Amino acid sequence: MGFFLEVLIGGLLGGVLYALVALGFVLIFKASGILNFAQGAMVFAAGLGFAAAMEKTSAHMPFALALATSLLLATGMMLLTAWAIERFVLRPLVNQNGLTLFMATIGVAFMVEGLAQQIFGNNIRRIDVGLPKTSMFILESQFDGGILVNALDLWTAVIAALLVVALSLFFQNTRTGRALRAVADDHTAAQSVGIPLNWIWFIVWSIAGGVALVAAIVWGSKIGVQFALTFVALKALPVLIVGGLTSIPGAIVAGLLVGMGEKFAEVYLGPSLGGGIEQWFAYVLALFVLLVRPQGLFGERIIERI
Amino acid sequence: MIYSDEGQLKTTYAADMVIFPLAQDRTLFAILMLLAFVGIPALALAGIPPFHADYIFKAILTPFLILSLAALGLNILVGYCGQISLGAGAFMAVGAYAAFNFASRIPELPVLIAILLGGGVAAAVGVCFGVPSLRIKGLYLAVATLAAQFFFDWLFLRVRWFTQDSPSGSVSAPKLNVFGWHADSAVERYLLVLSIIVVLAALAKNLVRSDIGRQWMAVRDMDLAAEIIGIRPVRAKLTAFAVSSFIIGVAGALWAFVNLGSWEPSTFSIDRSLQILFMVIVGGLGSILGCFLGAAFVLLLPIMLDIVPGALGMPLSTDTVSNMTMFLFGALIVFFLVVEPHGLARLWVILKEKLKIWPFPY
Amino acid sequence: MKKLYLVGLAAALAFSVDSPARADGDQFIPILSYRTGPYAPNGIPYANGFVDYLELVNRRDGGVNGIKLAFEECETGYATDRGVECYERLKGKGPTGASFFNPLSTGITFALTEKAPADKIPLITFGYGRSESRDGSVFRWSFPLLGTYWTAADVIVQYIASQVGGVEALRGKKIVHLYLDSPYGKEPLPVLEAKAAKYGFSLTPMPVTAPGLEQKSQWLQIRQSKPDFVILWGYGVMDPTAMQEAAAVNFPRDRIIGNWWAGAEPDVAPAGEQGIGYKAVMLQHGAGRGKVHADVEKYVVTAGVSRSKPEEIGQVLYNRGLLNAMLGVEAIRTAQAKFGKRPLTGEEVRWGIENLKLDESRIAALGIEGMIRPFQISCADHQGAGLSRVQQWDGKTWKVVSDWIQADESLLAPMVKAAAQKYGADKSIPAFDCTKAQ
């Protein structure tokens, strides 16, 4: 029982990390109908920028100031990226179909990865923003050895929760947020009531960049910033499908479900299948969800016969 | 003037239905075939650079042809039938491992037959993974096909039967023996691959012009309307998956047997799938010619970009070149999508229209 | 769009003032390296060490007996097809073609093992590659110098035995083999299984999907089953992740034993304090500097042609790249003694590798004392030595914590023979009679 709970908690907390990356996907898909394959590359670039800034600043100023400066610099870099993507990729490609836009984001991913590696180099950069890495053991009276909870994962969950709350508030209660939702519903209609599409897209890509930065700091604290971070995008895709491409709560719930599901699969099913089944299990899970609910658990219902 | 069709009158339906209705196209195609089958090998025999070295055959022409074939297979699914797939790598892997098992478990079997059987197994697997397409489509289907990708990556690593208990999970292909002919040299291997590709491309071209091809396109353009006029979407979609997977499977077997000789599942990873999808998109959806143009662009451009600075004696290190190649490649993809979203094949069509009236304005 | 290109190009050029790895000369040495992509943190120091040594030979000695070394790097990105393209591109360069290839990836090694014999170019796989390729009677062109994965696996088990109090004490112990799910990670399995059967410990293989970012389930299983030791067969990002997860489940780091590709600075440094105590076997050498490093500083670094960062020189992977280049150069020197002081073909260099012999005095002269032990390659034994030590990470450096351990040939030799013969039979390669080698 103790082990079961441990796997459950580990899966849920791991799922939060996926949700964090999936969130970036959902934001962009909602506002522009683009499945942004470059999200992984953006996580990588944001992490590199932040880590490089930390290295440079922390030698000259106190930690808190260095942290703030680096966050500012990295955010600035992501804003610049968002502007460049909006200006040079999205605007010329307006009204193209989803596949073309998807391919364009793969092109963007190559560009971001190439440029980021060129500017910041290929060495591993450490990120330390003071997140604790100890593990705690709770309920030691009930279970032998207690139940393991990793503090870093717990903090990640807290950060993700804060991010989701902030994003929800932003979407519900601000003028820009309402404009964003209007564009998501129907961008021609939104444009006709005077919402500037280009500006909205810039905002959305900036927010996605910000989410990428948060994801990068969290993942980077764990394993350092390195090229392998670009692969987290692939972990987020099944989450996206299970939750539905357009739902923010969907991304969170699906993240938890997929995180939990794949951990259970690996721990309980894995040994009899030879192990290493996590990755495809997540996708097969997504496939089954699709067969039952083609729009995902929380996606907008597609009223269409296929 | 150059591409004018004046004076080329058709008197029969058959003449109107030929693959190349224009005499100019026929001549061009004949020259191209002559060049590919006779010209290039002759240049190699004569030792004229750059064809004197193995490099051009082993590292450029053979991979280019094989990946063109894979792109052709994927184009049937994506371009003609409108079903997006990110699992091309997986079907290549199925073809490669199936061919390997046929060839090594039944040593009497000619390798060519084993390769085709590998394609057959890939077709069967493709039909299974095509079933979800009956219910989902678009980007959702694309992500669903990734399930196939990761599942087969895992399967060929884990189940030792497929790799015949090779301790590392890496397997190597048997010798290429086509009905007694040993394709050992680079030029022979090129000719072998070229022949297979020409045959399959001709088949594919005729298939998409036939009844079934028109069904695919009807389903692609509007599935509901297609169903109403009496096309069974189930049959159309699944045949598209089968034909596409067969061709991709053959390409996978060729990639493993001819190009690499020894391989592991990561050869057919998600990167390969994306690469092939790129070829289809950049080349042009729904165009056979586009597959070859796309493959040339996606495969050869990075190699060129990689070689050029060195050849010019520019003082750039390999990682700088590699990063810049990556950046430029991404930029060019975006550029092409912006300038010509219908792909390189469309540029060729536009060029022909221009040449038709050239030098007059209209 | 154009503006974007220009900005990009300007940015790319602005940051690329580094010198290229390319030199003119007569004896051509190709370098397959990966300075970009997921494994770049490991590939960069290796490539730097390799290039620095070749530069040193040219600058300090004016080449090998006056024959200047030419070399060129080609970026593989650790991908097999790019590696094969690089091989085809570089194999014919130079007046006599490539001297030898270092594939530097298990996947590329497997692909080139098929191709190199036809081109008559030897492969040096320094501590990796096909384990059975040390049998020179079948694998005429492959040289897994100084160690294979099977050697490493054997030594790791011996070390674990020494920690628990002898091989008898292994009975009933639980060992987990945590490995990167690829040919690299699976290669040692046959030896580990044979060892488990022989000594009666239980072996649980646990694959981690590449690149190894996600290991929580594996470590939760480890926490539950409480194994006595974990053998870590990871590469790149998998290793620091393993340290983090091990720390999270409180698994003592000094009971994790890595192989020699999981035992360098990029494998532990990103994990910070969590990696302290972790152990790994060594491919003979470890971190540290010798006389040769002083020469590199003097002739290469001060001349401004080295791309190495100051702290990188003397790191584990830097040293491995340097030794790899050194063994290749020594093989050329050996071959020159037989064929004359001129640029040599791959076939002649092959003879040089097969007759390569480093004794104490030569090792001292090369300035690598203490890094490798004397060894001799022969036709029958393309590995040359099956020795290893164990090192431990103290948070700053790797410290050697064991004596030399000799791999158990009574177990390995028959396995190598059987595997090599199977390969030879499959490929219908007639076994070469090593008694006739000269």
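Reply: Helix H1 of chain A (residues 2–32) and H8(C) cross at roughly 160°, and their axes come within 10 Å. Here an axis is a line fitted to C-alpha atoms, for helices over the stretch in contact, and angles run from 0 to 180 degrees between N-to-C directions. H1(A) and H8(C) are therefore roughly antiparallel to each other, the word for angles over 145 degrees, while under 35 is roughly parallel, 65 to 115 roughly perpendicular and the rest oblique. Two residues are in contact if their C-beta atoms, placed from the backbone, lie within 7 Å. By class, this contact has 3 nonpolar, 3 polar and 2 charged residues. Ala, Val, Leu, Ile, Met, Phe, Trp, Tyr, Cys and Pro count as nonpolar, Asp, Glu, Lys and Arg as charged, and the others, Gly among them, as polar.

Before going wider, a word on the model: it is predicted, local features need pLDDT of at least 70, side-chain atom pairs count only at pLDDT 80 or more, and totals for chains, interfaces and linings use all residues. Residues are numbered from 1 along each chain as its sequence is written, with chains lettered from A and ligands numbered from 1 in the order in which they are written.

Now step back to the whole meeting of these chains: 40 residues of chain C are in contact with 34 residues of chain A. On the chain C side, two or more residues each come from helix H1 (2–14), helix H2 (40–61), strand S7 (202–208), helix H8 (216–225) and helix H9 (238–248). Helices (H or I, at least four residues) and strands (E, at least two) are DSSP runs, numbered from the N terminus. H8(C) supplies the largest share of that side, 6 residues. The chain C side as a whole has 22 nonpolar, 13 polar and 5 charged residues.

Chain A also touches chain B, with 40 residues of chain A in contact with 36 of chain B. On the chain A side, H4 (98–120), H9 (232–243) and H11 (278–292) are the elements that give two or more residues, and H4(A) gives the most, 17 residues. That side divides into 27 nonpolar, 11 polar and 2 charged residues.

Within chain C, there is another helix pair to look at. H7 (residues 189–199) and H15 (residues 409–426) of chain C pack at an angle of about 135°, with their axes 11 Å apart. That makes H7(C) oblique to H15(C), and this crossing is right-handed. C:Pro190, C:Val191 and C:Ala194 of H7(C) meet C:Leu411, C:Leu412 and C:Met415 of H15(C). The contact has 6 nonpolar residues, with no polar and no charged ones.

Chain C is divided into domain 1 (3–148 + 286–387 + 417–436) and domain 2 (149–285 + 388–409), with bounds from an automatic or database domain assignment. Their centres, taken over C-alpha atoms, are separated by 27 Å. Between them, 26 residues of domain 1 are in contact with 30 residues of domain 2.

Technical notes:
A crossing is left-handed if the near helix is turned anticlockwise from the far one by less than a right angle, and right-handed if clockwise.
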